Amino acid sequence: MKSKIQSFGRFLSAMVMPNIGAFIAWGLITALFIDTGWMPNKQLSTMVGPFLSYVLPLLIAYQGGKLVAGDRGAVMGAIACIGVIMGEPQYTMLMGAMIVGPLGGWIIKKFDKAVDGHIKPGFEMLVNNFSIGILGMLLAIVGFFLIGPFMGAILAFLNGGVNILVQHGLLPLVSIFVEPAKVLFLNNAINHGIFTPLGGEQVQSLGKSIFFMIETNPGPGTGVLLAYWLFSKDETTKSSAPGALIIHLLGGIHEISFPYILMNPLLLLATIGGSMSAMIYNVAFNLGLSGPASPGSIIAFVGMAPKGSTFAVLLSAVIAAGVSFLIASPIVRMSNGKGQSLEEASAQMADMKAESKGQTTKSTTVDLAKVTKIVFACDAGMGSSAMGAAVLKKKLQAAGLTDIDVQHASVSDVPAGTQVVVCHKDLAERAKESAPNARLITITNFMAAPEYDQLVNEIKEARG
């Protein structure tokens with residue numbers, strides 16, 4: 001069940017993640033050039049509206065169609081998205097794009113399968129071009145009259161619900177669900193699949209959104225890592241915590257803190273408490289960001305603050321970290337001396353989860369002497385996997401293994417020809433589905449994973 005939720009969430013975030021640069025560009029333009037921005041400019045501020053109304057939805061729909069049916073699906077998704085946008089132009093159709101993009105890809109994929117082998121030689125280009133044109137036009141019309149108005153009603157309902165939560169001070173309760181979901185590797189799905197579209201809608205009317213501050217706040221994880229650094233009696237855990245803290249806080253890779261929380265699930269109380277405290281503060285002082293802070297680094301978090309609220313936004317992260325640290329410190333102290341290190345506890349928990357899902361620990365046999373391509377995979381293929389790939393590449397180069405290509409990718413989209421896949425244990429099932437012929441190596445601690453050195457040594461031994 002968790003794997004299915006992860007896969008669905010990954011699909012939602014996969015439509016947004018490749019376009020995060022465009023969201024950041026729009027956020028910076030908003031923060032800089034609107035009337036209340038850092039550098040008000042009436043001419044440049046005219047880009048804000050078209051960016052939000054057309055560019056971002058079209059990019060999402062294009063990517064959604066591409067995920068389903070390649071380039072043809074991408075074009076179908078973009079064509080259909082225009083119908084949705086114009087069907088209800090008063091709303092930002094980011095969510096509409098996330099529906100109609102994959103739908104367009106699915107339709108053209110089914111059409112291509114139906115006509116495969118039935119097109120007379122010489123007519124392939126004619127059929128291919130006109131099929132997208134005709135089906136895209138029809139779907140755009142459906143989007144204009146049905147999907148657009150339907151999504152407008154949904155968005156009106158969601159906006160009403162959001163206003164109720166904000167007016168009654170209930171928005172901080174969202175942290176009760178967000179923080180546990182994050183450590184189950186649903187962080188990208190929550191942030192980019194839910195909060196980014198809602199935030200985009202809110203920015204259109206307010207110039208900022210509190211939704212950009214919920215999942216991306218690095219404070220809760222910072223407090224937990226500080227507690228481990230100062231109070232852990234396990235030397236492995238204590239020595240790895242400072243490095244993890246730097247990567248979490250400055251690099252914005254929140255996945256680095258998940259094993260520390262999974263080591264003692266009571267620490268979820270710390271992250272929930274920190275997140276809720278920050279959200280109470282954010283609601284009380286009407287804070288928000290101009291665009292998504294991605295990755296969730298303190299640099300990006302503060303960098304997206306509107307003019308005049310930089311210090312207030314920074315204080316939000318400090319409050320989250322402080323409360324999280326106060327709650328986590330006695331939990332870390334009391335949990336010491338029980339004989340379990342970070343590695344052992346994380347491995348035990350991951351093994352129990354794998355067993356409950358019917359997973360096995362067997363790995364495909366691969367001739368390590370001939371390995372030339374290794375992929376480090378994570379949920380989105382951009383955060384912890386990029387860091388892990390860099391660490392592994394340095395270890396391989398230090399061992400004289402300079403001919404091995406080390407890449408990072410989404411665990412659900414491992415490139416063809418990959419011989420070895422490295423990922424977190426919680427993502428093992430999806431990695432096996434994505435790369436069934438590759439050898440799978442699972443880790444539990446990104447900073448102090450002995451599997452890195454073991455793999456390097458095995459390759460060296462295999463090569464003699």
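How many bridges join strand E1 to strand E3? Strand E1, residues 373-378, and strand E3, residues 420-424, are joined by three bridges and run parallel; helices (H or I, at least four residues) and strands (E, at least two) are DSSP runs numbered from the N terminus.

Before I go on, what we have here is a predicted model, in which local features need pLDDT of at least 70 and side-chain atom pairs count only at pLDDT 80 or more, while totals for chains, interfaces and linings use all residues. Residues are numbered from 1 along each chain as its sequence is written, and side-chain values use heavy atoms, with hydrogens and water left out.

Let me stay with the sheet. It is open and parallel, with four strands in the order E2-E1-E3-E4, where two strands pair if DSSP finds at least two bridges between them. Strands E2 (405-410) and E4 (439-443) each have a single partner strand, so one side of each is left without a neighbour in the sheet. Ignoring direction, neighbouring strands are turned by 25° against each other on average. Within the pairing, Phe376 stands opposite Val422 in E3. Helix H17, residues 450-462, lies across E1, E3 and E4, running at about 150° to E4; here axes are lines fitted to C-alpha atoms, for helices over the stretch in contact, and angles run from 0 to 180 degrees between N-to-C directions.

Turning to the helices, H2 (residues 20-33) and H4 (residues 48-87) pack at an angle of about 175°, with axes 10 Å apart. The pair is therefore roughly antiparallel, a label given to angles over 145 degrees. Among the residues of H2 that meet H4 are Phe23 and Trp26, and on the H4 side they include Phe51 and Leu56, contact meaning heavy atoms within 4.5 Å. By class, this contact has eleven nonpolar residues, one polar and no charged.

Ala14, in helix H1 (residues 2-16), is buried, with a relative accessible area of 13%, on a scale where buried means under 20%, exposed over 50%, and partly exposed in between, with a 1.4 Å probe and protein chains only. Leaving aside neighbours within four places in sequence, Ala14 is in contact with Gln63 and Leu67.

Finally, the count of aromatic pairs comes to seven, for rings of Phe, Tyr and Trp (its six-membered ring) whose centres lie within 6.5 Å, with planes under 30 degrees apart counted as stacked, over 60 as edge-to-face and the rest as tilted. Phe144 and Phe145 form an edge-to-face pair, 5.0 Å centre to centre with 75° between the planes; Phe144 is partly exposed at 37% relative accessible area, whereas Phe145 is exposed at 58%.

Definitions and conventions. Angles under 35 degrees count as roughly parallel, over 145 as roughly antiparallel, 65 to 115 as roughly perpendicular and the rest as oblique. Ala, Val, Leu, Ile, Met, Phe, Trp, Tyr, Cys and Pro count as nonpolar, Asp, Glu, Lys and Arg as charged, and the others, Gly among them, as polar.
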